[in-house]
Amino acid sequence: MNARKVAVKGVTLACEVQGAGVPMVFLHGFPFHHEMWRAQIEALAHEFWVIAPDFRGFGKSQITEDDVSAGVGMDQLAADVVAILDELGVTVPIVLVGFSMGGYAAFQLALRWPERLRGLILCDTRAAADADQARTGRLKMAEEALTKCDASPAEAMLPKLLAPITFEDRPDVADKVRSFIKSASPEAVAAAQRGMAKREDVRGRLSEIVCPALGVVGEADAISPPAEMREIVAALPHARIVEIAGAGHTAPLENPSAVTAAIADFARLL
Ligand code: MLT
């Protein structure tokens, strides 16, 4: 494992870098950090140059007071990833894998820096912006996390993060997700929720993303359901979908081998 720290616009961002070959960049979701990709990192670093950053405030990455008060936009997350690639000397196009919030950032990267992409993998994510009620809920969660000085308000998401079968058969996975939530900082929770609340609806722009793409979605995803991923894939010019059995929203943790295989099969053909 190679833990790197990269200075980017006033903050230091943490990043795991492993392997060699075509760069494959993993973007985590909320309220996770890069460790959520552990199974995929270990399996794919034998074939690819794996780069897995922690977004601002998550894992070992820093965050600024302005980030917390204004919220970190998905465009900012994408710009941070590009800055990390530049710092690491990545000049060739990457395979970008974005899970949920990481997928929102991946859309922004694909739209703003299309030349940096060799292929795009969208995992359990959405192209739509929030409805008003969801937006209000996010802003409330941000306030509560800062008031309570912990990430406990994010625990309300837990029932939707995993499939019912995962709670029944894989209590270890549920415990792992609980510990991700517990370890998140209130500042990161607030900044990410405020940032996601103001994210762009990119459904009308999907035809601009012309690189090969893959949609990966847990068959029981209750946050970004398969029907929505099918619509995304239908609107992308060169995309196909893989639905992951026995998984809900957090498919990379619930069925890691199937997600790893889907990523590898797609990336090997690029
Ligand atoms: C995530 O897993 O990143 C979140 O579910 C994203 C969201 O809250 O929309």
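Valine 242 touches Leu214, Gly215, Val216, Val217 and Ala262, leaving aside residues up to four places away in sequence. In this predicted model, valine 242 belongs to strand 8, which covers residues 239-244. The C-alpha atom of valine 242 lies 6.2 Å from that of glycine 215, although the two residues are 27 apart along the chain.

The largest nonpolar core has 93 residues, and Phe30, Met101 and Leu120 touch the most other members.

The chain as a whole has 12 helices and 8 strands. Its radius of gyration is 17 Å, close to the 18 Å that the globule rule gives for 270 residues, so the chain is as compact as a globular protein of that length. Among contacts with a separation of 6 or more, 77% join residues 24 or more positions apart.

Further values for the chain are listed below.

| Property | Value |
|---|---|
| Box filled by C-alpha atoms, along the principal axes | roughly 50 × 40 × 40 Å |
| Residues that count as buried | 56% of 270 residues |
| Accessible surface | about 10,800 Å² |
| Part of that surface belonging to carbon and sulfur atoms | 53% |

Charged side chains number 27 positive and 35 negative, and the centres of the two sets are 2 Å apart.

Definitions and conventions. Residues numbered from 1 in each chain as written. Predicted model: local features only at pLDDT ≥ 70, side-chain atom pairs only at ≥ 80, totals over all residues. Heavy atoms only, no water. Helix = DSSP H or I, 4+ residues; strand = E, 2+ residues; numbered from the N terminus. Rg over C-alpha atoms; globule rule 2.2 N^0.38 Å. Buried < 20%, exposed > 50% of the residue type's maximum accessible area, 1.4 Å probe, protein only. Contact = heavy atoms within 4.5 Å. Areas by Shrake-Rupley, 256 points an atom, 1.4 Å probe, with all protein chains shown as cover. Lys, Arg positive; Asp, Glu negative; His and termini not counted. Charge placed at Lys NZ, Arg CZ, Asp CG, Glu CD. Core = buried A, V, L, I, M, F, W, Y, C linked by side-chain atoms within 4.5 Å.
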